[in-house]
Number of protein chains: 2
Amino acid sequence: MPKASPSIFGPIAGIAPSHEFASRLELWGSGVHRQTQAGISARQGLGAESIVLSGGYEDDKDWGAVIIYTGRGGRSAETNQQVADQTLTGANLELVRNEQEGLPLRVTRKVTTNHSSFYRYAGLYRVVSHWAAPGKSGHRVWRFRLELLPETVALDEETEAPSGQAELFAPPGLADSAAAEPASAYGPAPRRVSTTLRIVRDTAVTRRVKVLHEHCCQVCGIQLRGAAGPYAEAAHIRPLGAPHHGPDSLENVLCLCPNHHVLFDLGSFGVADDGQLLGISGQLRQHKKHPINPVFLAYQRVHFYKPNAEARGE
Amino acid sequence: MPKASPSIFGPIAGIAPSHEFASRLELWGSGVHRQTQAGISARQGLGAESIVLSGGYEDDKDWGAVIIYTGRGGRSAETNQQVADQTLTGANLELVRNEQEGLPLRVTRKVTTNHSSFYRYAGLYRVVSHWAAPGKSGHRVWRFRLELLPETVALDEETEAPSGQAELFAPPGLADSAAAEPASAYGPAPRRVSTTLRIVRDTAVTRRVKVLHEHCCQVCGIQLRGAAGPYAEAAHIRPLGAPHHGPDSLENVLCLCPNHHVLFDLGSFGVADDGQLLGISGQLRQHKKHPINPVFLAYQRVHFYKPNAEARGE
């Protein structure tokens, strides 16, 4: 699998939502959309980075924060009508990759007035789901549900959260390493990283962890398969955001299947410094290029892991 | 497990966010908070329905849409100070149940002015996570991250979405049952049910399906365990919301583990009308009190299931 350059996804420096561009050329020059004509800008095997909604697809729906976007292909070059079924290949498959990997998509709208037209950047969306459906023509099209990422919420939280050191509960007898946690050495997590439950945000770090483990769960080894390739989730050991303020760094992330991600977050299991699993049997599968900082493992054990969870259940 | 009355969770008819109450007695009379003194109103084995933030806990943090809430217990009746560790039992354990089951929590704030105080209903929150931490006293407290549910987004979408029949792709050869789908017979899904990815919303229907299957996955039979009991997810076969407009009814829901929920939504497997699994081996585990409408299974097969997903992967 080719390596993704982190810079192709996400916001473009200096371009805020509502930024306007006079032309496709200007849009291209800004780096927002790296195609001068095509509506989707995607890289094979990496995902889609940007789309332009120009009103050209009869099956698109635009409700503002929610967009139903039609895939590419099957249209006549002469009439622009849908004349054949679309396939889940090429740029369409890359949009599925965005869904599976949590990659953000830049969205720009073409705005047409009586006298002219221009382009307005709308912001970052996530690909929530995809499905096949009959277009107005009767031919099959692939459709994608896009939802605006709640950036403002994340920004508000970072602004209002205390800037001091995150709390750490260190009962007597706990290794000193946990108390001496060098959280500041990693710097704060990027502002855009929010903590919405089970919405897996993409970062260069989470992508790298999943690739290193070939999308296999570090607990059970399972590799789930979707249309755009294997699926796994990146779990932050010490959570991002207030009040935990864990870093978005390789040393603070595990590659897990959704089942073990849920159980880890619920505190049903923990991981000892040597990788032994606690609460369930087995050993964490490790990769030599993916060192895990035991300080973060200790944080999860102390704050989240409940050794007797089974006994406390119903 | 006792059965939950659906009415104890969620909104109270006639009470919108920002509604004000002169006293705890008035708040109690409205049905918002069924305790006259306690800050948490919970039912053993069912979950917590409501909390009142009165500023009494030194470790609470209130950032508006995000609240870090401190659990109950360990305080001196005389001094109101934290004098002992809190345990994950009683009302604290019920808050964990809200997290595991996706149960909404009503939140009301005490507002104190120079001359008086009153109570203002804030709306519905979800319990995102819980962890142990040292309080300001040094004793362990259990903390809960609460996030305001994005009701306005769901309402906007329902308002703007087309009200007509959802689309259905019926290629030649597909059983007629799919085309004759009686979606309207189930009525529209409740307005509050949104479609945010992997945020599992609670409804009476989803609770019932999980209880019938004892939280075991209908595909693989696994039962995950959290501190507040078993964990499973309710997957709508035909999705809720625009443009699919599937109903929130027992016949349209499966009880799945997170792994099979992800794979089902990605279209990596489908279910034949007779319960045979497609794309993976095996048979859907069924319960006689949980009939599944084959029309919805057909909808998922046609729109989401990709028989050759494996071959299309990387």
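In helix 2 of chain B, the buried residues are B:N92, B:L93, B:E94, B:L95, B:V96, B:R97, B:N98, B:E99, B:Q100 and B:E101. Here a residue is called buried if 20 or more other C-beta atoms lie within 10 Å of its own, exposed if 12 or fewer do, and partly exposed in between, with the C-beta atoms placed from the backbone. The structure is a predicted model, in which local features need pLDDT of at least 70 and side-chain atom pairs count only at pLDDT 80 or more, while totals for chains, interfaces and linings use all residues. Residues are numbered from 1 along each chain as its sequence is written, and chains are lettered from A and ligands numbered from 1 in the order in which they are written.

Helix 2 of chain B is thus mostly covered, with 10 of its 12 residues buried. Helices (H or I, at least four residues) and strands (E, at least two) are DSSP runs, numbered from the N terminus. How far apart should the ends of helix 2 of chain B be, at 1.5 Å a residue? The expected span of a helix is 1.5 Å times one less than its number of residues, so the 12 residues of this helix, 90-101, should span 16 Å, and the 17 Å between its end C-alpha atoms agrees with that. After the helix comes B:G102, which has a positive phi near 70 degrees.

B:A42 lies in strand 2 of chain B, residues 40-43, and touches B:G47, B:A48, B:E49, B:A91 and B:E94, leaving aside residues up to four places away in sequence. Two residues are in contact if their C-beta atoms, placed from the backbone, lie within 7 Å. B:A42 counts as buried because 25 other C-beta atoms lie within 10 Å. By contrast, B:I222 is 180 residues from B:A42 in sequence and 29 Å from it in space, C-alpha to C-alpha.

Turning to chain A, its helix 7, residues 294-303, is mostly covered, as nine of its 10 residues are buried. These include A:V295, A:F296, A:Y299 and A:H303.

Chain A is divided into domain 1 (6-150) and domain 2 (196-312), with bounds that come from an automatic or database domain assignment. The centres of domain 1 and domain 2 of chain A, taken over C-alpha atoms, are 32 Å apart. Their contact takes 11 residues from domain 1 of chain A and 10 residues from domain 2 of chain A. What kinds of residues make up the side of domain 1 of chain A that touches domain 2 of chain A? There are seven nonpolar, two polar and two charged residues on that side, where Ala, Val, Leu, Ile, Met, Phe, Trp, Tyr, Cys and Pro count as nonpolar, Asp, Glu, Lys and Arg as charged, and the others, Gly among them, as polar.

A:P243 sits in the loop between strand 11 (233-236) and strand 12 (253-256) of chain A, and B:P243 in the loop between strand 11 (233-236) and strand 12 (253-256) of chain B.

A:E214, although not a glycine, has a positive phi of about 50 degrees. A:E214 is in the loop between helix 5 (204-212) and strand 9 (224-226) of chain A, and is exposed, with 12 other C-beta atoms within 10 Å. In chain B, phi of B:E214 is likewise positive, near 50 degrees, and B:E214 counts as exposed because it has 12 C-beta neighbours inside 10 Å.
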